[in-house]
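Here are some notes to read alongside the structure.

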Amino acid sequence: MKKLIMSTIVALGAVATALPAWAEELSFWSWRQEDKAQYEKFIKAFEAKNPGITVKFETFEATNYNTILSTALAGGSGPDLMFARAYGGLENVANAGYLLPLDKTNVPALEKFAPAAVAAETVRSSKITYAVPFASQTMLVIYNKDLFDKNGLKEPETYDDLVKASEKLKAAGVMPFGNGTATAWQNEVMVGGIASSLMGKGFYDDLMAGKADFTDKRYVEALTKLKDITKYFPDGFIGLDYASSQQLFASGMAGMFVGGSYEIANFKKQNPKMNMGIFAMPGMKAGDQKLVAQYFDGGYAVNAKTTKKDAALKFVNFLASQEFGQMFADDLNNISAVPGVAFKDALLGEVAELNKNSIPYIMLVHFRYGEPSGSVLLQGEIQKLFGGKATPEEVGKNLTTGLAAWYAPFKK
Amino acid sequence: MARRLWITALIVPPLAFVALFVVYPIISAFAYAFFQWHGLARGEFVGFANFYKVLFTQPYADWTVNAFTHNVLVFFALMVLQNGIGFLLAYCVWRELPGAAFHRIAVFLPVVLSTIIVGFLFKLFLHPLFGVVNISLRGTGLGWLAQPWLGQGSTALWSLIIANAWHMVGFPTLVFLAGMQRIPGEILDAVRMETESEWVKISKVVWPLVAPSATVVFTLLFVGSFNWFELPYIMAGVDGSPHKSTDVLGLYFYRTAFGDQSGSGQDFGAGSALAVLIFVFIAVFAGFITFRLRKREIQI
């Protein structure tokens, strides 16, 4: 009898200590495997201030994340909190009713976010926001400062400057650009990073106003110049995959790399000794506005069916706070979407500065809402352009007629 | 009674397992194909609308035809490169040409490797700058033949086909070899009295007598070619890069049903419709092939 009482007490004690922790453990899913350590640090900061709530950060491979999350949510076993994609990717999940609507009543900080950032996590038809945006990414040119200095080069002011710089690097036995386009989505990056300044803000505004489509002379001309500059890409770059092209730049074999601002952190990790600089692609003339292409990456969303809504909202509010935004920028070397973050990292500060002259990363931001998506079309068409299977005019025409399937302004 | 109970106890668990993990998913995919999907939430019943969409409306119709054509090409190319060469290798090993003992093992070794390893290996071989293929070509004065193999529409799919043939050629070899070794010695002795010609031996005796092996190998290749996914996924990516020149039904189905992180949204209905079409096509044709090939088999 005594034994029974003892074991009951022990069992009850175990339940009592386990229960609070178990009841308030939030699961948080992400596709950023490489950021696990940093997120665990952020979570510790949150847990220190919110005793009784613990957050379990789980990561999945980025390319399969959508599939895994979709399946889990459909099966009712999704996480309490999750990384959500932006734009069309968000709408896929949000329209199915899996996400909790967020507004100024449950996440007050959202009001101060940039409208473009909030729009990325808002469903267009209902105007309901479903996630706290975490970062913006910028398509630009990253260059190796040491190689530029050694060859007496400066950041180019015109397209011709860039050509001359490339020639000089080539003569010195350095690959001017490290980029390759065998990986489909890299083709879209090339357009964002190189062609934005060449097509100009005027074209973007006309496109949005329904006054221009992709057969516009400014767009076709920009693609022509894009194709011309690939003369300075590595031999056989159309067969070079993304990982190999990163290695060419990180190892110092190539002088420039057209890519997203997300590459900066990655290059720093791979080659901490390299001196990097960034610039926005110049236009044809010295006075042309230098533009980068910007988009928002994704956001933090709450599962509509979570049983721990209060705790989850507390955590999401933390993720929208300036304290978190600052840690995010400092530790992850990314442009936090939280307003008022100061960038300690000089390059990051420069990216934030370049963002002041930007147009959206067009296909991702505006043309991923129907099939065929603008991104899929553009990636394939640019591969044809680079492979000599299509002219810039044909690319412009194919993009326009392809999108006309669902994009009303292009329907004739 | 006890015996019957015993048998039931043995049969029920595997049957339940198959029902739950094989039959149920297939049937539910069939069901999914008849509904509209809003992201992941099932919408209203739409009959054959999803099938109509993937077969007859743009851009799906073009994508479907493009992917299907590639599967057909892959099937015929592998029939020659994999099964054809496999048969010849089996014949050489069976006839015990010099080095047969070594080759019997060497030919089968790649089959043991996982597709992921083979995919990455060939990606490295075909690397435009540092790949062994281009470096060898340049080193032997054939630099003009060096290509960005995986980046051109004209060479990408063939690169994948050759990688697959290298990987799997040992399998038909082994099956054919087993078939040849089953041919009774008396028949071979009788042939030897009639003719010395290897060609006659192959075409009149060996080939008809390994017909059962051919049935197995052809059917499996057919199913494999139309379900082709891993190797193109690893080497070309889910988009069938470049410009869908390596797109096959497997990749196309995956992208359509689950979306592509770097490009498009997901459509469960259209994806399920594709899965059903692929399944029905394979089942009908594989059945037909097996039936036709069985007929020409000879019992010894």
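1. Helix 8 of chain A and helix 9 of chain A are roughly antiparallel to each other, a label given to angles over 145 degrees, while under 35 counts as roughly parallel, 65 to 115 as roughly perpendicular and the rest as oblique. Their axes come within 9 Å and cross at roughly 150°, helix 9 being residues 217-229. Axes here are lines fitted to C-alpha atoms, for helices over the stretch in contact, and angles run from 0 to 180 degrees between N-to-C directions. Helices (H or I, at least four residues) and strands (E, at least two) are DSSP runs, numbered from the N terminus.

2. The model is predicted: local features need pLDDT of at least 70 and side-chain atom pairs count only at pLDDT 80 or more, while totals for chains, interfaces and linings use all residues. Residues are numbered from 1 along each chain as its sequence is written, and chains are lettered from A and ligands numbered from 1 in the order in which they are written.

3. Which residues of helix 8 of chain A meet helix 9 of chain A? On the helix 8 side they include Met190(A), Val191(A), Ile194(A) and Phe203(A), and on the helix 9 side Arg218(A), Tyr219(A), Leu226(A) and Ile229(A) are among them. By class, the residues of this contact are twelve nonpolar, one polar and three charged. Ala, Val, Leu, Ile, Met, Phe, Trp, Tyr, Cys and Pro count as nonpolar, Asp, Glu, Lys and Arg as charged, and the others, Gly among them, as polar.

4. Between the chains, 38 residues of chain A are in contact with 29 residues of chain B; two residues are in contact if their C-beta atoms, placed from the backbone, lie within 7 Å. Helix 3 (62-74), helix 4 (87-94), helix 8 (184-208) and helix 16 (374-386) of chain A each supply at least two residues of the side that touches chain B. Helix 3 of chain A gives the most, with seven residues. That side of chain A has 14 nonpolar, 19 polar and five charged residues.

5. Helix 16 of chain A is mostly covered, with 13 of its 13 residues buried. A residue is buried if 20 or more other C-beta atoms lie within 10 Å of its own, exposed if 12 or fewer, and partly exposed in between, with C-beta atoms placed from the backbone. The end C-alpha atoms of helix 16 of chain A are 18 Å apart, which agrees with the 18 Å that its 13 residues should span at 1.5 Å a residue; the expected span is 1.5 Å times one less than the number of residues. Just after this helix, Gly388(A) takes a positive phi of about 75°.

6. Most residues other than glycine have a negative phi, and most peptide bonds are trans. Lys127(A) is not a glycine, yet its phi is positive, about 60°. Is Lys127(A) buried or exposed? Lys127(A) is exposed, with 8 other C-beta atoms within 10 Å. Asn333(A) also has a positive phi, near 50°, but Asn333(A) is buried, with 21 other C-beta atoms within 10 Å.

7. The peptide bond from Glu371(A) to Pro372(A) is cis, with omega near 0°. Pro372(A) is in the loop between helix 15 (362-366) and helix 16 of chain A. In chain B, a cis peptide bond joins Gln58(B) and Pro59(B), and Pro59(B) is in the loop between helix 2 (49-56) and helix 3 (60-94) of chain B.
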